[in-house]
Amino acid sequence: LQDDQSPEDFPTSTCTSRAEGRKTVLLWGDSYAAHLFPGLSAHENDVLHFTLASAGSCAPLFNRNDPRCLEFHRYVVREILPVLKPDIVILAGNWMSVSSAAELETGLAETMKQVGSSRVVVIGQGPMFALPVASLIPDERFEEPSIPKQITVDDKARYFNAETAALASKLGFRYFDLHDHLCEKQRCDVVRDGELMIWDRGGHLTIQGSKNVAPHILKILSDD
């Protein structure tokens, strides 16, 4: 959903359909959930079927004071979860939108309560940068030599991810850190195999970046 849309505008039948004989995976969150969907759906197989429930700027937390987001998340709980009955729920969002690790813990605990018996995987905050990645592209043409292959990552995201990872055993979810697959130490891949991986300073993935990390997410789902 965009900022000017209501839950009733959400294409529920299109984005959250079941596939008989396969495990249903619901990707729930904001744009950080949506940017993972192209890659995961491209790797869909005879075991896993991927669905999406996302609203812009709405991390899947119930303790944020945002009426629009609360309305959407309540819609997911009321209209989507009971019908879809997902086997696995992947939660992804801008976790740094909360003010503290304690607030994140409270919010995730409530979301997991709403999810119920489904297995939960939380995707950590992706790489973030001080400089907008798109500003490095001189024009509409993508010419690899004009773009640094790596950019130094903002430490704030790594710090927040450490706090999130620490909640995994406490709250009972599996945790996945995009930094582990896009970054080495303090530098993260912007270009990999000649393809742009990350589009903006907030760490949103391109379609190719989404496809690149999807197999690693599939592995943690298979481990379940």
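Some questions and answers on a helix pair and on one arginine follow.

The model is predicted, with local features requiring pLDDT of at least 70, side-chain atom pairs pLDDT 80 or more, and totals for chains, interfaces and linings using all residues. Residues are numbered from 1 along each chain as its sequence is written, and side-chain values use heavy atoms, leaving out hydrogens and water.

Me: How are α5 and α6 oriented to each other?
Reply: Helix α5 covers residues 101-115 and helix α6 residues 155-171, and their axes lie 10 Å apart at an angle of about 40°. Axes are lines fitted to C-alpha atoms over the stretch in contact, with angles from 0 to 180 degrees between N-to-C directions. Since under 35 degrees is roughly parallel, over 145 roughly antiparallel and 65 to 115 roughly perpendicular, with the rest oblique, α5 and α6 are therefore oblique.

Me: How many charged residues does the contact of α5 with α6 have?
Reply: Contact (heavy atoms within 4.5 Å) involves, among others, Leu 104, Glu 105 and Leu 108 of α5, and Phe 160, Glu 163 and Lys 170 of α6. Ala, Val, Leu, Ile, Met, Phe, Trp, Tyr, Cys and Pro count as nonpolar, Asp, Glu, Lys and Arg as charged, and the others, Gly among them, as polar. By class there are eight nonpolar residues, one polar and, as charged ones, three.

Me: How far apart in space are Arg 192 and Leu 182?
Reply: Arg 192 belongs to strand β9, residues 191-192 (DSSP runs, numbered from the N terminus: helices H or I, at least four residues; strands E, at least two). Beyond its neighbours within four places in sequence, Arg 192 contacts His 181, Leu 182, Met 197 and Asn 212. Arg 192 and Leu 182 are ten residues apart in sequence, and their C-alpha to C-alpha distance is 9.1 Å.
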